[in-house]
Structures are given as structure tokens and as C-alpha cells.
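Me: I would like a close look at a single part of this model, and at what surrounds it.

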Amino acid sequence: MTHTYNITGMTCKNCEMSVKSELLKIPEVLSAEVSLNPGKAIIEMSRHIATTILQQAISPEKKYVISEDHHDSSHAEMNSEEKKSWLETYKPLLLIFFYISAISLITPLINGLLTAENWMNSFMAGFFLVFSFFKLLDLRGFAEGYATYDLLAKKWNGYGYIYPFLELFFGVALLTGIYPEIIYPLIVAVMSFSAIGVIQSLVKKQSIQCACLGTIFKLPLGTITLLEDSLMVMMAVFMIIIVK
């Protein structure tokens, strides 16, 4: 995506070069063209970057001030997305959780096998299968998005390509009931590590798109993403206790 910004405070070519240099240091910035007169910056980025982050990068003390160019239609589209209510934003995710919860409840209830552990196991299996499906629809897009906040994916891009298959494996393993004493601890380890990256991004208040549903749905990385990972960890821990 490419956005245009207004920049004030630049007085010479050195200012222009300094601003461009600082913009290019931001990992999500692919290219940047800065002009002194008029004070403009055309920035190509892999993911949307909040203006506050751009400002912090070019001049925390605000010697140079960067602001959105309101004639840029792409900013208007982004702003309309940001103004959506919480319910509108996370509606796809909430519906998916509802359907997985309902199916996980109905099946054991009909068979007369409804227990807390059966429901949790079914829910976790459905969660991993459904979420891996959405990620595999655009594996490359997921891997690129995941690398913006996951600690391991940042260091090794290949992990983003492996992760959806790891979720698929978890889903199948939970459905078939193979080696629960190994599968549940693995889930705790993987999902806990994933949660750490989410926590770091939330603490830094980074404006990042969540990759939990791949690239099909554009969801912001937020506390609900952390809740997903935490829920899987808590359920897996509970199942470890039950298995023992």
C-alpha cells in the first residue's frame, strides 16, 4: 500500500535526506520519496503504519511534523476501517468462535458423551482446523503478516509457512486422540510463544494487522488476539491435568 503525507519543518536538502533516511529505517516501509517543496512524503509500506509511529521515527521532538494528506483516498479508506465499532471489526472472528463452540457442544450432547474435557478437546480441534484453513488460503500473505509480530517468524520467515500446518496437525491429532500426553504440552509451548509476540506488539502500541484468519479478513492485532492464544493455552493446561 502507498500513502501520501504532508511534512512541515524541512528547510533544506539535508532535512529532506534526513527524513527519508529515518523513514526507510522502519521495517514496514518498502520505499519513501520525500520532497522539500512542497513538503510531501510518498511512502510504500507492507502494512499500514500509524502516523504516530512515523512521527516518532522522523522527529520525536517534532522538528519535522508529519500528517496525513486528506486528499489521499487511501487514507480515507483506512480511517473508515478504523472507525468501525468493536463488534463490526471482530464480527467474523466472533461468528467463527460461535460456530465452533456450538458444533463442539452438539456432537457430544447427541452421543451422550458431554463432559468438560470432551467439549474442550472438540473445541480446540475445531479451532485449529478452521484457523489453519483460513491461513492456508493465502499462505504467503499469512507468512508476511505473521512476521510483523511473531518473535520467531521475525527472525526466520520460514516459520510463518510452517505454522498453519502445525495448527492443522494439532487439529487432526486432537480429533484422533493420538498421543495426548505429547500434543497438549506442544500446544501450550507453541501458543504461549505466539502470545509473547502479541503482548510485545500491544505494549508498543503498534498498528498491525492480525494474521489469525490469514488475509481473508482484515482484523487489527488487539487484546482479542491475545485472548485466542491464551484460551488455547488454558484449555491445553486443563487437559494435561485431566490426562494425568
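In which helix is Asn121 found?

Reply: Asn121 is found in helix α5, residues 116-137; helices here are DSSP runs of H or I with at least four residues, and strands are runs of E with at least two, numbered from the N terminus. This is a predicted model, in which local features need pLDDT of at least 70 and side-chain atom pairs count only at pLDDT 80 or more, while totals for chains, interfaces and linings use all residues. Residues are numbered from 1 along each chain as its sequence is written, and side-chain values use heavy atoms, with hydrogens and water left out.

Asn121 counts as buried because its relative accessibility is 17%; buried means under 20% relative accessible area, exposed over 50%, and partly exposed in between, with a 1.4 Å probe and protein chains only. Leaving out residues up to four places away in sequence, Asn121 touches Leu174, Tyr184 and Met239, where contact means heavy atoms within 4.5 Å.

Met124 has contacts with Leu174, Tyr184, Ile187, Met232, Met235, Ala236 and Met239, neighbours within four places in sequence aside.

Met124, Phe128 and Ile187 touch the most other members of the largest nonpolar core, which has 42 residues. Such a core is a set of buried Ala, Val, Leu, Ile, Met, Phe, Trp, Tyr and Cys residues joined through side-chain atoms within 4.5 Å. At least two residues of this core come from each of α4 (86-110), α5, α6 (139-146), α8 (158-176), α9 and α10 (223-243). The most is given by α5, with eight residues. Apart from this core lies another, of 18 residues, including Met10, Val19, Val34 and Leu54.

Phe128 also belongs to a cluster linked by ring pairs, together with Phe97, Trp119, Phe123, Phe127, Phe131, Phe169 and Phe170. Rings of Phe, Tyr and Trp (its six-membered ring) pair if their centres lie within 6.5 Å; planes under 30 degrees apart count as stacked, over 60 as edge-to-face and the rest as tilted. The count by this rule is 16 aromatic pairs.

Tyr184 and Ile187 are among the buried residues of α9, which also include Ile183, Val188 and Met191. After α9 comes Lys205, with a positive phi near 55 degrees.
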